[in-house]
Amino acid sequence: MRSDRASADAGSQINRRQALAGSIAGGLSLSGVTWQALAQMNVRVIHSAEALGSIYDYTIVGAGSAGCVLAHRLGRAGRRVLLIEAGGPATLPAISIPPDWPKLQGSAVDWDYMTVPQRHLGGRIIPYPRGKVVGGSSTINALAYQRGHSAAFNRWPAGWRFADLLPYFKRAETFSGGADAWRGGDGPLHVLSLADVKDTTPVAAAFIDAAQSLGFPMTHDIGGEHTTGIGWNQLSIKGHVRDDAATAYLGNLGDAKVDLLLGTQVRGLQIENGRCAGVLTADRLLRPEIETLLCAGSIDSPRLLMLSGVGPADHLKSYGIRVAADLADVGQHLEDHLFLAGVAYSARRDVPRSHYNHADAMLYVPNRDPADSPDLLVMCISLPFVMPSVGPLAPPAYVLVPCLMRPHSRGTVRLASADASAAALIDPNYLADSRDVDVLVEGVKLARELGSAAAFADWRANEVYPGPHSLGPAELRSFISRAANSFHHPVGTCQIGKVVDDKLRVNGIAALRVVDASVLPGIPQAVINAATIAVAERGSDLILAN
C-alpha cells in the first residue's frame, strides 16, 4: 500500500503536504514536549521496564490527548500513574510552528497508517496519520479546536450530552476571549480565537465578507453559544506555538508524579477470568493495582482489544485468538469526516500565507432546522491545496474546501493478523452512503457561489478546478470521487453503550476502561480533539469516583 501511495504522489507536481508546508522560522523554541521539557516536569521518563516503580494504581496505554488528560487528573489526585507511549518526545521543529503542521504527516512522529482501497473513491488508498509521539495526534494535527453543535452531543446516551460535557469543555481550556457561561478561563489547554488577533490573511477576510453577502450570520465565537455561521477559526496555541495535550496536561502536573515509559509498544492486554490483569509489552506484564486505561485511539484501541480476545468472536477465531469476551461492536461503526480538494482559484497576486493553520476562517453551514447540527463546513485555505488525484495548482492560489461533517457511511477497523506488530485494516468505507455524496454536491455548489462573490473580485483570477465550466450531476459526482480525502477524525470503534458502559468500562471485562475518541457514540459536527479531551476530563472524574 505504501508503494501505491508513493507512486501516486510522484505523479503530482505539488503534493498536499508540500503545498501546505511553510518555512521554518529559525530560533523558535519547540512547543512539543522535548527531552529538556520533560526533565523540568514532574514526569519521570523511563526508557526500559527495568526502571519502573514497583506499584502503580493505574496503567494508561497511550500518551495522546486522552492519556495525557488522565495522567494529569489522576496524578494530581494523588494516584500512582504509569503512562506508556510507543513514540518519544517531540523533537521536530515543525511541531511548534502552526503553519508547518503538514510536514508532520508522514514524518517520524506519524504511525503512517493507510486505509484499505476505498471502493467509492476509485480504489484509492488514503493516508491515515496518527501521532506516534508524546501528545499523540494532538501533536501532529492542524491545531483546530472546536466543540461543535450541541445537537450532535444530545444524540449521545444520557450522561454524555452537551449539558453533561459543557463543564468539562470549560475545565479543559483557557480561552483567549476570557471565561463566560460557555468558555473556560483557567484550564490547562490554551485556545486561541483568531477573532482576537490582527494578522489573519486577507483572503480569509474576503471569505467572511462573501459568506455574509450570501446571508450567513457572523458568529464571533464558533465554540460558544452560536456554533454555526461564518467565523474565525480557533486553535490550540499558546504564545504563537502549538499547545498540545502533552504541553498542556503533562506540563501542568503541579506536585503530582507520573512515570512515562517511552518507546514501548503495547502488544496486548492480559485477560484472566474476565478481568484485565495488566498490559503486555515485548518482555513483561505490567500489572496495575486498580485498572488499565486504554487510550490508544480509534484505530489502536479496538486493535489491542481484539488481539487480547475482546471483540467479534468469529473474527478473532479466524486468527486463532482465544475469545475472552464476544463483543461484536469492537471495531465497528467507524465514522470519519471527509473534505474535498475543493474549489480552487488562481489568484491575481500573491496570497499572504497564514501565520496559523492556513484555514483562518470557516463557515459552519446552518442546518435547515436551526436546532440541528450542520452537515457541511466550508473552509478557506490560503494557499494551493493539492491532491494527486485532482491535479496541479500553481501559486498564487487559494481554495474553498467543502467538508462533510455528519457522514452516514460507516466503516470498520479489523485485524490483519494475530501479529501484535501488524497495523490494523482500516476501512472507513467513504461515500458508501449516497447521502454523503449529495451533501458534498451541495458543498461544491456553495463553494463556487462563495468563490464567485464580489468580495473575492480583487483576488479571483479564474477557477482551476473543478473548472470554469458548469458541471452536470455525473461530472460533480466524478469530481467528488477524485477529490475526497480524510479529515482524519476517526471515532466510534468502541462506542459508549455498545463496547463500554456509561462509565467507560469494557463490557464483560473487569478492571479495564477505554477512554479516547473510539468511545464517542457519534461524530461531533466539528473537529474532534475538543470532544476527545472533554470525554477524557469527564472520564477522569468517573475513574476517581470508582
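User: Why is leucine 143 called buried?

Analyst: Buried means under 20% relative accessible area, exposed over 50%, and partly exposed in between, with a 1.4 Å probe and protein chains only. Leucine 143 has a relative accessible area of 0%, so it is buried. Please note that this is a predicted model, in which local features need pLDDT of at least 70, side-chain atom pairs count only at pLDDT 80 or more, and totals for chains, interfaces and linings use all residues. Residues are numbered from 1 along each chain as its sequence is written, and side-chain values use heavy atoms, with hydrogens and water left out.

User: What is the phi of leucine 143, and where does the residue lie?

Analyst: Leucine 143 has a positive phi of about 75° although it is not a glycine, and it lies in the loop between strand S5 (127-128) and helix H5 (150-153). Helices (H or I, at least four residues) and strands (E, at least two) are DSSP runs, numbered from the N terminus. Most residues other than glycine have a negative phi, and most peptide bonds are trans. Leucine 431 also has a positive phi, of about 60°, without being a glycine; this residue is found in the loop between strand S25 (425-427) and H11, and its relative accessible area of 6% makes it buried.

User: Why is helix H11 described as roughly perpendicular to helix H12?

Analyst: Helix H11 (residues 434-451) and helix H12 (residues 473-483) pack at an angle of about 100°, with their axes 10 Å apart. Angles under 35 degrees count as roughly parallel, over 145 as roughly antiparallel, 65 to 115 as roughly perpendicular and the rest as oblique, and the angle therefore makes H11 roughly perpendicular to H12. The axes are lines fitted to C-alpha atoms, for helices over the stretch in contact, and angles run from 0 to 180 degrees between N-to-C directions. With contact meaning heavy atoms within 4.5 Å, the residues involved include Val437, Leu440 and Val444 of H11 and Leu476, Phe479 and Ile480 of H12.

User: What makes the ring pair of phenylalanine 162 and phenylalanine 169 tilted?

Analyst: Rings of Phe, Tyr and Trp (its six-membered ring) pair if their centres lie within 6.5 Å; planes under 30 degrees apart count as stacked, over 60 as edge-to-face and the rest as tilted. By this rule the count comes to eleven aromatic pairs. For phenylalanine 162 and phenylalanine 169 the centres are 6.3 Å apart and the planes stand at 35°, so the pair is tilted. Phenylalanine 162 is buried at a relative accessible area of 10%, and phenylalanine 169 counts as buried at 2%.

User: Why is helix H9 said to be largely enclosed by the rest of the structure?

Analyst: Eleven of the eleven residues of helix H9 (residues 297-307) are buried, so the helix is largely enclosed by the rest of the structure. Among them are Ile299, Asp300, Arg303 and Leu307. Just after H9, glycine 309 takes a positive phi of about 90°.
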